[in-house]
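Student: Hi, could you walk me through this model? I'd like the fold, the surface and the charged pairs.

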Amino acid sequence: YWNSYFPGGTHLAGRLVGEIAPTLFDSTDAIKQLAAHNAECRIVVCLRDPVARALSLFEHYVSIARVPNDWDGARERMPSITEASCYAKYISAWAAAFGADRVLLLSHKAVAQDPMAVLGRLCDFLEVERLAKLPVEAEERYGVAAEPRSRAVVWVADRAAWTLRSLRLHSLVNLGKQLGLKRLVFSGGQRPVLGVTADQKAALIFDLGRESALVAEVDTHTACLASECRAYWEAT
């Protein structure tokens with residue numbers, strides 16, 4: 001895995017290396033494996049409104065034909081749609097594995113409203129020198145929702161990518177991205193009308209009330225350690 005993403009690797013000696021992997025947040029197996037291989041690493045969790053996050057992931061999975069456009073059926077197929085919004089539960093697990101002072105909670109809202117403040121707190125957490133200004137890359141948007149022209153094509157592409165990764169052929173997946181295949185497949189379509197009722201959304205808001213309170217507290221601080229967040233400790 002390391003050689004696939006960082007070939008050679010010697011130029012990274014003495015430098016911090018990280019990975020952005022939101023799909024691992026609610027994976028207890030990932031927490032155990034990472035703790036076993038790198039117990040000294042630091043964890044950064046960017047908290048978004050839990051209801052908006054769940055609905056956004058539902059739309060994403062519908063778009064790539066991974067789940068049916070039916071809220072209950074989709075949650076049964078992919079529990080992470082709502083499970084990954086159970087912030088307190090999984091922040092507690094990460095904190096237990098690495099220490100609450102090694103888990104930083106960032107405000108998704110603050111990233112857009114005051115990026116320099118977020119960046120400064122992140123640099124302090126990583127114990128690196130603060131940057132005087134935002135890097136050019138910070139002006140770009142990543143992970144912007146896009147709708148495919150054909151869900152049949154995207155279904156094939158998605159399964160092909162999963163197969164290549166399971167065979168540890170990460171370099172081929174990366175090559176496809178570099179060639180623009182992902183942009184070609186995942187664009188040009190229209191956003192689907194999501195199969196979620198008003199009652200189902202209301203139930204989701206109720207169920208994630210505690211998580212929303214946690215996000216509101218982190219929003220007021222821009223960023224805070226898990227050990228500093230009162231709502232986090234109350235929730236756990």
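Tutor: We'll go through the sheet, a surface patch and some salt bridges in turn.

Tutor: This is a predicted model, in which local features need pLDDT of at least 70, side-chain atom pairs count only at pLDDT 80 or more, and totals for chains, interfaces and linings use all residues. Residues are numbered from 1 along each chain as its sequence is written, and side-chain values use heavy atoms, with hydrogens and water left out.

Student: Great. How many helices and strands does the protein have?

Tutor: There are 14 helices and three strands. Both are DSSP runs, numbered from the N terminus: helices are H or I with at least four residues, strands are E with at least two.

Student: And what share of the residues is buried?

Tutor: Of the 236 residues, 35% are buried. Buried means under 20% relative accessible area, exposed means over 50%, and partly exposed is in between (1.4 Å probe, protein chains only).

Student: What about contacts between residues at least 6 apart in sequence?

Tutor: Of those, 70% join residues at least 24 apart; a contact means heavy atoms within 4.5 Å.

Student: On to the sheet. In what order do the strands run?

Tutor: The order is 1-2-3, in an open sheet with mixed pairing. Two strands pair if DSSP finds at least two bridges between them. Strand 1 (43–47) and strand 3 (223–225) are at the edges with a single partner strand each, so one side of each has no neighbour in the sheet. On average, neighbouring strands are turned by 20° against each other, direction ignored.

Student: In what sense do strand 1 and strand 2 pair?

Tutor: They pair in the parallel sense, over five bridges, with strand 2 covering residues 103–107. Val44 stands opposite Leu104 of strand 2.

Student: Which helix packs on the sheet?

Tutor: That's helix 8 (residues 115–126), which touches strand 1, strand 2 and strand 3. Its direction makes about 175° with that of strand 2; axes are lines fitted to C-alpha atoms, for helices over the stretch in contact, and angles run from 0 to 180 degrees between N-to-C directions.

Student: Changing topic: which residues make the nonpolar surface patch of about 470 Å²?

Tutor: Leu167, Leu169, Leu172, Leu175 and Leu179 make it. Patches take residues with over 30% relative accessible area and no salt bridge; like charges are joined within 9 Å, and nonpolar side chains (Val, Leu, Ile, Met, Phe, Trp, Tyr) within 5 Å. Leu175 is found in helix 10 (residues 170–178) and is partly exposed, at 41% relative accessible area.

Student: Now the charges. How many salt bridges turn up?

Tutor: The whole structure has six, each being a side-chain nitrogen of Lys or Arg within 4 Å of a carboxyl oxygen of Asp or Glu. One of them joins Glu127 and Arg42, whose closest N and O atoms are 3.5 Å apart. Glu127 lies in the loop between helix 8 and helix 9 (151–166) and Arg42 in the loop between helix 2 (28–37) and strand 1, so the pair ties together parts 85 residues apart in sequence.

Student: Are those two buried or exposed?

Tutor: Glu127 is exposed at 62%, while Arg42 is partly exposed at 32%.

Student: What does Arg121 pair with?

Tutor: Arg121 meets Glu228 in a salt bridge at 3.0 Å, N to O. Glu228 is in the loop between strand 3 and helix 14 (230–235) and Arg121 is in helix 8, 107 residues apart. Glu228 is partly exposed at 44%, and Arg121 is partly exposed at 25%.

Key. Areas by Shrake-Rupley, 256 points an atom, 1.4 Å probe, with all protein chains shown as cover.
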